[in-house]
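I opened this notebook to record what I looked up in a structure that was new to me. The entries follow the order in which I checked things.

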Amino acid sequence: MSLIKTPLLTEKAALGMDRGLYVMIVDRAATKQSIKSAMKQQFDLDVVSVRIVNLPAKLVKFKRIPGVQAPRRKAYVQLKTGQKLPGFELPKQKTPENKES
């Protein structure tokens with residue numbers, strides 16, 4: 001059983017990727033030390049710090065049908081400078097050049 005379930009890809013998470021900050025959905029029993037060792041084992045990356053956020057269950061509606069979004073646990077993983085998670089490199093955005101007429 002893996003402690004790291006999936007990376008969380010949102011706009012806010014994408015802003016931190018170029019600084020080496022990645023957001024992961026992790027198992028409810030995961031600790032900071034276990035997440036750090038799992039990143040080292042699975043991806044061979046050096047982790048500087050891990051911050052954990054517990055998100056409670058949330059009432060939602062889908063097509064007027066009430067439901068409950070399951071509680072989640074997010075981990076903000078800061079990697080050593082210069083390291084990147086393979087497969088999550090953002091493409092370079094082209095900047096428009098000013099044309100002088």
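**Burial and model.** I began with burial and noted that 28% of the 101 residues in the protein are buried, where buried means under 20% relative accessible area, exposed over 50% and partly exposed in between, with a 1.4 Å probe and protein chains only. I kept in mind that this is a predicted model, in which local features need pLDDT of at least 70, side-chain atom pairs count only at pLDDT 80 or more, and totals for chains, interfaces and linings use all residues. Residues are numbered from 1 along each chain as its sequence is written, and side-chain values use heavy atoms, with hydrogens and water left out.

**Overall form.** I looked up the secondary structure and found 2 helices and 6 strands, taken as DSSP runs (H or I of at least four residues for helices, E of at least two for strands) and numbered from the N terminus. Along the sequence I read the pattern β-α-β-α-β-β-β-β. The radius of gyration is 18 Å, whereas a compact globule of 101 residues would have one near 13 Å; the value is taken over C-alpha atoms, and the globule rule is 2.2 Å times the number of residues to the power 0.38. I also wrote down that the C-alpha trace spans about 60 × 45 × 20 Å along its principal axes.

I then turned to β4 (residues 58-62), which pairs with β5 in the antiparallel sense over 5 bridges; strands count as paired if DSSP finds at least two bridges between them. Lys58 stands opposite Gln69 in β5, and the two strands form a hairpin with 2 residues between them. How many residues of β5 (residues 65-69) are buried? I found that the count is 0 among its 5 residues.

**Positive phi values.** Most residues other than glycine have a negative phi. In the turn of the hairpin, however, Lys63 has a positive phi of about 55°, and Arg64, in the loop between β4 and β5, has one of about 65°. Arg64 counts as exposed because its relative accessibility is 80%. I noted a further case in Asp44, whose phi is near 55° and which is found in the loop between α2 (32-43) and β3 (47-55); Asp44 is exposed, with a relative accessible area of 55%.

Gly16 and Tyr76 are 60 residues apart in sequence and 9.7 Å apart in space, C-alpha to C-alpha.
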